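Have the sequence and the 3D view open side by side. We will walk through the fold piece by piece.

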Amino acid sequence: SIGEIPKTHKVIQFHENSESLDVLKYEDVAVPEIGDDDVLVKNKYAGVNFIEAYFRKGIYPSEKPYILGREASGVIAKVGKNVTNLKVGDHIAYLSGKTFAQYTKYSSKSNFLKLDSNVSDEKLKLYAASLLQGLTALTFINESYNVQEGDYILVTAAAGGVGLLLTQLISKVKKAHVIAQASTDEKLESAKRAGAEYFLNSSKLSADEQVAKILEITNGKGVHASFDSIGKDTAELSLAAIARKGTFVTFGNATGPIPPLALNRLSAKNLKVTRPQLFGFVVTPDEYQHYTSWLFKLIDDGTLKINVFKTYPLADYKLAAADLEGRKTSGKLVLEIPH
Ligand code: NDP
């Protein structure tokens, strides 16, 4: 039930940037006031993403204090007076900042997914677990490099949240070959279950050895594209492993941002480099509609499995971040929001 909206609510926020997780606070703040075009969402589940680490560390700028979170599912608790497309009691899943919170203000004019009125708890969790990472994987393999049948593709952090989705989509939907990189054999086993055919254990093989193995797998040619979220530590590996006319899709900074790259480095193999972010691919309602309906069709028909690693209570976000940044997880981490 929606119940009465309190004056204050629980959020996860930080007041200063730090490498340390100790700046993450579970605190009470005022429930946001909404404008005439806004709704107030009472969140039920929020997905955890690696981007939170970049905001906390200051790799990406933010106001202070800063409430974390990038996606959630929940129920509409209040609507502004101009809102006609949502009503109190409707369930939605949505991409937005400030979702590590009991309540989030959201514009009714933004993109969102309206869910069935009788949507189960399990489904609410599934939506919060799949929206951001699912759309990232699906848009990148079509827009950043349009993966072709039979391609050889390198995927780093292949057992991570995005990684397992990229691996499944590239192998099952695009019917291309995935070379998975991860730091443990257990993670590589997960990537194998997701459809990867070749495996690089980054704790056992040096970067040069990994490149040699990639060249061996691809008959000396290299991969058609590298989907690389590791950033600084793997940029050289990716550049060395990509074939002539191939594409370097660099989309994360898990080990820090890549230092400036001289563009003439690309000419030796006529490489393309692209640095996408999801939000640039799902801007218009048509784009959002196209990719969300495709994503949830793949989930609903069983093609794409969403692997929830663990569900933590909102108060335990610090623990979730420690697990994620400590490379202990595989698949998706979700927060359950108490009320
Ligand atoms: P993951 O579940 O993939 O977790 C990150 C993984 O990165 C770890 O499990 C680990 O896998 C690997 N890793 C390698 N080096 C380090 C390190 N020094 N510290 C921590 N992890 C490391 O996270 P997400 O699925 O949430 O995100 C994956 C990546 O994709 C992130 O870099 C994220 O920023 C990026 N991303 C970018 C988006 C965009 O729009 N550009 C959208 C969504 C995600 P292993 O131990 O196997 O190496």
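Start with an open sheet of 3 strands, in the order 2-1-4, with antiparallel pairing. Strands here are DSSP runs of E with at least two residues, helices are runs of H or I with at least four residues, and both are numbered from the N terminus. Two strands pair if DSSP finds at least two bridges between them. Strand 2 (25-30) and strand 4 (66-67) are the edge strands, since each pairs on one side only. Strand 1 (residues 8-14) and strand 4 are antiparallel and share 2 bridges. Across that pair, Phe14 stands opposite Tyr66 in strand 4.

A word on the model itself. It is predicted, so local features need pLDDT of at least 70 and side-chain atom pairs count only at pLDDT 80 or more, while totals for chains, interfaces and linings use all residues. Residue numbers start from 1 along each chain as its sequence is written.

Pro65 sits in the loop between helix 1 (51-57) and strand 4. The peptide bond from Lys64 to Pro65 is cis, with omega near -10 degrees. Most residues other than glycine have a negative phi, and most peptide bonds are trans.

Move on to strand 10 (residues 177-182). Is this strand covered or open? It is mostly covered: 6 of its 6 residues are buried. A residue is buried if 20 or more other C-beta atoms lie within 10 Å of its own, exposed if 12 or fewer, and partly exposed in between, with C-beta atoms placed from the backbone. In a regular strand the side chains alternate between the two faces of the sheet. Here His177, Ile179 and Gln181 point one way, Val178, Ala180 and Ala182 point the other way, and all are buried.

Strand 10 has partners. Strands of a sheet pair through backbone hydrogen bonds, either parallel or antiparallel. Strand 9 (residues 152-155) pairs with strand 10 in the parallel sense, over 4 bridges. Val155 has Ala180 of strand 10 as its bridge partner. In strand 11, Tyr198 is the bridge partner of Ile179.

How does the chain get from strand to strand? It crosses from strand 10 through helix 4 (residues 185-193) to strand 11, and this β-α-β crossover is right-handed. That term means that, with the strands pointing away from the viewer, the path from the first strand over the helix to the second runs clockwise. Strand 9, helix 3 (residues 161-173) and strand 10 also make a right-handed β-α-β unit.

The loop between strand 9 and helix 3 holds Ala157. Its phi is near 45 degrees, a positive value in a residue other than glycine. Ala157 is buried, with 27 other C-beta atoms within 10 Å. Another positive phi belongs to Arg327, at about 60 degrees, and this residue is not a glycine either. Arg327 lies in the loop between helix 8 (317-325) and strand 16 (332-336). It has 16 C-beta neighbours inside 10 Å, so it counts as partly exposed.

The domain bounds come from an automatic or database domain assignment.

Contact means that the C-beta atoms of two residues, placed from the backbone, lie within 7 Å. Leaving aside neighbours within four places in sequence, the contacts of Ile153 include Ile170, Val178 and Val223. Ala241 is found in helix 6 (residues 235-241), and it is buried, with 28 other C-beta atoms within 10 Å.

Finally, compare the two domains. Their centres, taken over C-alpha atoms, are separated by 29 Å. Where they meet, 8 residues of domain 1 are in contact with 10 residues of domain 2.
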